[in-house]
Amino acid sequence: MTKPERKRALRGRAGRMKGGRGSGRASTGQVRLWGHHAVEAALLNPDRRHRKLWATRDAIAALDGELPPDFPVEYADTADLDRLVARDAPHQGLVLECAPLEERDLAEVIEDADPARPIVILDQVTDPHNVGAILRSAAAFNAAAIVTQDRHAPPESGVVAKSASGALETVPWVRVVNLARALDDLCAQGFWRIGLAGEAEMTLAEAMPTGPVAIVLGAEGAGLRHNIAGHCDALARLPIAEAMESLNVSNAAAIALYALATREG
């Protein structure tokens, strides 16, 4: 979609305008997103099925483009929007209810991926703010996807989307049943699997190969599980000062992705 086409697709005169405040709960099977970047990206995503947008008039006017004339919009004030989202959530005048994104298949992502683009594997990273921040870094440094285990990762949500600042709509998020098996599949397709671990002897720069890479990060505190570390080709550490024991997992992911994006060859 070209820039002029996108502008015709988003903002404007739209909407069914009603006076109701809403229940504050998303309908069954729906997700509720909030914040300017998260909502705007979801509205521009052709793979999203939208149900309803609650918004202030100023926030609608700030969107990049125009909404279709029949788009279901309910104008509301800030206090009403506060009731639709988590407490103190920074909705910035926009709350969108929509269907979750369709699940992505790891085999398809691997097949379509550029070998120069890394894949990020998250081992039991459950904080939605961290997952959202990692999605944002993945988009910034051109990662092909993130992969999580379905039972040990947060669901798609407004918190993830707001932290991702639009990247939830652009970076494939693959959920798998068995993370170790997913790492085996990546190995079979030629990916070098590097697990980040503070106790590793090699630094990330020393462990860096020239081919396709899957970077593997564990939960804060616990780190990589033994079985997942055992499915990595190498363990590497970020060379941080001794005064600091570790980094937040989303910060570690951003640094590792930057290093991968700037490697020679």
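Residues are numbered from 1 along each chain as its sequence is written, and side-chain values use heavy atoms, with hydrogens and water left out. As the model is predicted, local features need pLDDT of at least 70 and side-chain atom pairs count only at pLDDT 80 or more, whereas totals for chains, interfaces and linings use all residues.

With a salt bridge taken as a side-chain nitrogen of Lys or Arg within 4 Å of a carboxyl oxygen of Asp or Glu, the count comes to 9. One of these joins the side chains of E97 and R51 at 2.7 Å, N to O; this pair links distant parts of the chain, with E97 in strand β4 (residues 94–98) and R51 in strand β2 (residues 50–55), 46 residues apart. Helices (H or I, at least four residues) and strands (E, at least two) are DSSP runs, numbered from the N terminus. E97 is buried, with a relative accessible area of 0%, whereas R51 is partly exposed at 40%, where buried means under 20% relative accessible area, exposed over 50%, and partly exposed in between (1.4 Å probe, protein chains only). Together with R32, these two residues are linked in a network of salt bridges.

A further salt bridge is found between R225 and D123 (2.7 Å, N to O), and this pair also links distant parts of the chain, R225 lying in the loop between β10 (213–218) and α10 (226–230) and D123 in strand β5 (residues 119–123), 102 residues apart. D123 is buried at 1% relative accessibility, while R225 is partly exposed at 29%. The side chains of D80 and R83 likewise meet in a salt bridge (2.8 Å, N to O), in which D80 is buried, with a relative accessible area of 12%, and R83 is partly exposed, at 45%.

On the surface, I240, M244, L247 and I255 form a nonpolar patch with about 320 Å² of accessible area together; patches are made of residues with over 30% relative accessible area and no salt bridge, like charges being joined within 9 Å and nonpolar side chains (Val, Leu, Ile, Met, Phe, Trp, Tyr) within 5 Å, and accessible areas come from the Shrake-Rupley method with a 1.4 Å probe.

The structure holds 0 disulfides, a disulfide being a pair of cysteine sulfur atoms within 2.5 Å. The cysteines C98 and C232 are buried, C98 with a relative accessible area of 0% and C232 with 12%.
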